[in-house]
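Hi there,

Here is the structure I promised to pass on. Please have a look at it first, and then read my notes below.

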Amino acid sequence: MILEHGDKRRENILKNGEVLLRMRSTGGGAKGCMAGGIILIVIAALLMAVFLAMDLALAGTLVFGGFFGIPGILLLLLGVLFQRRKRKKYLDYYQEETGFDKEELGLLEQEIMEPDMIMFGNVPLEKNMGYSEKKPQIACMLTRNYFVMPLIMGKSYIRRVSDMILATYSTEIPGINGYKHGLVFLSRRDDIAYMNAFLTRDVCHEIMKALWEKNPEIIDQQRFSYGERVYDVIKDSPEIVKLYENVADRAVSFKSLLIL
């Protein structure tokens, strides 16, 4: 689904700006440490309460405080420190991930906040992920010049639309117990194709349509032929990037040389 300008779900994501910082602050090992620490502290408190009711407060404090409470506090503090460092270094992460300088990251942030940015919401078929029509997963954001897809663990896929080589829907994404379906995408900056198997078919096609409208040179097929060879983006993405780079310097459309 496309979350239009003015949609409360969209505005909730964009409120107060700093979208890149909030994307980076989501999930990750730091949040895991904090959650684990809180769980241990709660367990220690509950067990100590039981011993207190049995007039064994000292024994409960020594045993369960030392076994659960102290490690829990240390784990919580460690998670807080890691999270603070992660937030402080978020621009360094994006610079390394994208190759953009801070000035271009600032431009990206501005474009994300503009009304013509296209935001795609997604409700995965897996019902246990906690998303719904009222609170959809943010599949990606497409600005005038950039393709932005939040990933798990606070990571993100961010590329210039002009650098995108391919975006296609596939039912052959490798997964546990067989193949999954979703979006496969590749840019000239990638070493290997990226795949998102959480997106529904309709959302994949909405994203592809919007990408193709911005850059008609983006390939829309999983497989294509060049010369006597058939390329499959899931299996041959490094070779596809090399092939694209070999042709990119010529005054010719890469897509026009392919048999799709």
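**What I found**

N16 lies in the loop between helix 1 (8–14) and helix 2; helices (H or I, at least four residues) and strands (E, at least two) are DSSP runs, numbered from the N terminus. Although N16 is not a glycine, its phi is positive, at about 70 degrees. With a relative accessible area of 73%, N16 is exposed (exposed means over 50%, buried under 20% and partly exposed in between, using a 1.4 Å probe and protein chains only). E18 lies in the loop between helix 1 and helix 2 too, and E18 has a positive phi of about 50 degrees without being a glycine.

A quick word on the ground rules. This is a predicted model, so local features need pLDDT of at least 70 and side-chain atom pairs count only at pLDDT 80 or more, while totals for chains, interfaces and linings use all residues. Residues are numbered from 1 along each chain as its sequence is written, and side-chain values use heavy atoms, leaving out hydrogens and water.

Overall, the protein has eight helices and 10 strands. Of its 260 residues, 42% are buried.

The largest nonpolar core has 22 residues, and L20, Y94, L108, I112 and M141 touch the most other members. Such a core is a set of buried Ala, Val, Leu, Ile, Met, Phe, Trp, Tyr and Cys residues joined through side-chain atoms within 4.5 Å. Two or more residues each come from helix 2 (19–24), helix 5 (90–98), helix 6 (102–112), strand 3 (137–142) and strand 4. Helix 2 gives the largest share, four residues. Leaving aside residues up to four places away in sequence, L108 touches L20, Y146, V148 and I158 (a contact is heavy atoms within 4.5 Å). There is also a second, separate core of 21 residues, which includes L199, V203, I207 and M208.

F147 and F185 are edge-to-face, because their ring centres are 5.7 Å apart and their planes stand at 80 degrees. F147 lies in strand 4 (residues 146–150) and F185 in strand 7 (residues 178–187), so this pair ties together parts that are 38 residues apart in sequence. F147 is buried, with a relative accessible area of 1%, and F185 is buried, with a value of 1%. F185 also pairs with Y194 in a stacked arrangement, 6.1 Å centre to centre with 20 degrees between the planes. Y194 is partly exposed, at 27% relative accessibility. F147, Y157, F185 and Y194 form one aromatic cluster.

The charged end of R159 sits over the ring of Y157, 4.4 Å from its centre; the rule is that NZ of Lys or CZ of Arg is within 6 Å of the ring centre and within 35 degrees of the ring normal. R24 lies over the face of Y93, 3.9 Å from the ring centre.

Lastly, strand 9 (residues 223–226) and strand 10 (residues 229–232) run antiparallel and are joined by four bridges (strands pair if DSSP finds at least two bridges between them). F224 has Y231 as its bridge partner in strand 10. The two strands form a hairpin with two residues between them, and G227 in the turn has a positive phi of about 65 degrees.

Best wishes

Note on methods. Phe/Tyr/Trp six-rings, centres within 6.5 Å; stacked < 30°, edge-to-face > 60°.
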